[in-house]
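Colleague: I would like a close look at one part of this model. Please take the charged side-chain pairs, then the helix packing.

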Amino acid sequence: MIQGIFYARFFPQEGTKIVAQSPPGCIVPVQGVDRPCLFDFGVLQEYIIPRNSFYNRYITVDDPDGKYSVLGFPVSIANPKYYRNEFLFNFGLVVESDVDQIPYEPVVRRLAVTFAEMEKQSNYLSQDAHNANDPARRPIESLLEIIKEDLNNYGECMIPVDDANTINMKLFPHHPTPPDVKGWHVPVAKMKFSEVVDPTWDLTLQKVIAHIDGVADVRRIAFQADVSLDLTQLALRHLLYYDTILLLDMFFFGACYAARPGIHAFVANEGGLVDECAHYVCVGAAAGAPGGGGPPGGDGKGGGPGGAGGSGGARVSNYMLIKLMTSFVVGKSVMEWLKGHMDAGFEVLRFVDVRRLVQFGVIKGCLYRVNKFVVSKQYLAALATGQTRPVAGGDPLQKYTDGCHSFDQIITEQNLTDAEIMDRLKSFPAPAADLIVLYR
């Protein structure tokens, strides 16, 4: 949120002065206004109108207390008509230091460019004091007040300045660059796309969205939607950019999962985490009924797979859910984990959707996937010396034996099962004890 906005100008005899500010008294004291200044203007004065090497550049400076940041774009307009042949001014914003400043940079730049053009066209800024009583122009103070209020309340503003100029600005949220989408990732919707998809949306995006069910991997979605894998990955990356999907690993009963430090929050049931888990994973619960909710942490309207079981199922106790979640360990597959609980007398499949339980644990940071990698010492040595060469008709698994490719990638790209990969590795043309399967 914008805490203050100001217009500063450099006067040859008086130096840098605040000509207009909103709210009044936020930068320098104003007579009749009992408001503490956001920062000591005397300390930051030299950065409001800085040295000429910083003219026409976007700059930010923090106050000595580290509480506020001043965002500005000092402008220098060179012209012989001005005293000392140049006109110096700066329109700046004051925001809290811990907020994301990236969305405000275009606003600061637009303010500087707009008023610089208005000054060049009609001396709007340099003649401001002489035209204070002109009814055809708005005072700068009122403009700054409207800009601040509209951007804070609506995230945009459209303000007519005079008959020829209008200030149009909008705050756009900044999203980090999303990670690459791989063919073995499984997208899970965080919202109900059927309620927001519009017929005017990109056709490829619409086809891809229709097959996001929380189970199908990217390669399968591309096949089902009849869209190339590259376009499918691009469409999913677009959805990932706007935080509408999650990317998880493929679920296999032969995969291994282990606890993360977040498991402590689950055991303590912080924020009702165990109750949320029960709603999501218990067979017959609302989340498991056909047409049920989406992934945990979403808005409860997600497009996660339904049909976890029939209605009327019993709700598993918190103790048992905690016991199930905390018993995932390295070296024990989901199948072995399941068999252990069933041998102990608890029919897990009757009461719990195992895939949803694992999915919940991964999303909430309670579990992590233990991936399998295969390493060939001979192949690594060849890579290190630059002697490795693709062999025509050679084993297609060789390129995956550098320890950088998980079994999920091999399964997806070579269309093999985990067991088939292990069988192929047993007959792999390599010296004895050359291949090592790592779990990490």
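Modeller: Start with Glu117. In this predicted model, Glu117 is partly exposed, at a relative accessible area of 37%. Its value lies between the 20% and 50% limits, so Glu117 counts as neither buried nor exposed. The side chain of Glu117 forms a salt bridge with that of Lys120, at 4.0 Å from N to O. The cut-off for a salt bridge is within 4 Å. Lys120 is exposed, with a relative accessible area of 52%. That value is over 50%, which is why Lys120 takes the label exposed. Both residues sit in helix 2, which covers residues 105-122. Glu117 and Lys120 are three residues apart there, about one turn of the helix.

One general point belongs here. Side chains of opposite charge can pair when their charged atoms come close.

Next, Asp275 and Arg315. Their side chains meet in a salt bridge at 2.9 Å, N to O. Asp275 is partly exposed, with a relative accessible area of 36%. Arg315 is partly exposed as well, at 45%.

Another pair is Lys17 with Glu14. Their side chains form a salt bridge at 3.0 Å, again N to O. Lys17 is partly exposed, and its relative accessible area is 37%. By the same rule, the count of salt bridges comes to 13.

Now the helix packing. Helix 5 spans residues 218-225, and helix 6 spans residues 229-241. The two pack at an angle of about 110°, and their axes are 9 Å apart. Angles of 65 to 115 degrees count as roughly perpendicular. Helix 5 and helix 6 are therefore roughly perpendicular to each other. The crossing of helix 5 past helix 6 is right-handed.

The residues in this contact can be named. Helix 5 brings Val218, Arg219, Ile221 and Ala222. Helix 6 meets them with Leu229, Thr232, Gln233 and Leu236. By class, the contact holds five nonpolar, two polar and one charged residues. Arg219 from helix 5 is in the contact, and Arg counts as charged. Thr232 and Gln233 come from helix 6.

Note on methods
Residues numbered from 1 in each chain as written. Predicted model: local features only at pLDDT ≥ 70, side-chain atom pairs only at ≥ 80, totals over all residues. Heavy atoms only, no water. Buried < 20%, exposed > 50% of the residue type's maximum accessible area, 1.4 Å probe, protein only. Helix = DSSP H or I, 4+ residues; strand = E, 2+ residues; numbered from the N terminus. Axes fitted to C-alpha atoms, helices over the stretch in contact; angles between N-to-C directions. Parallel < 35°, antiparallel > 145°, perpendicular 65-115°, else oblique. Left-handed = near helix turned anticlockwise from the far one by under 90°. Contact = heavy atoms within 4.5 Å.
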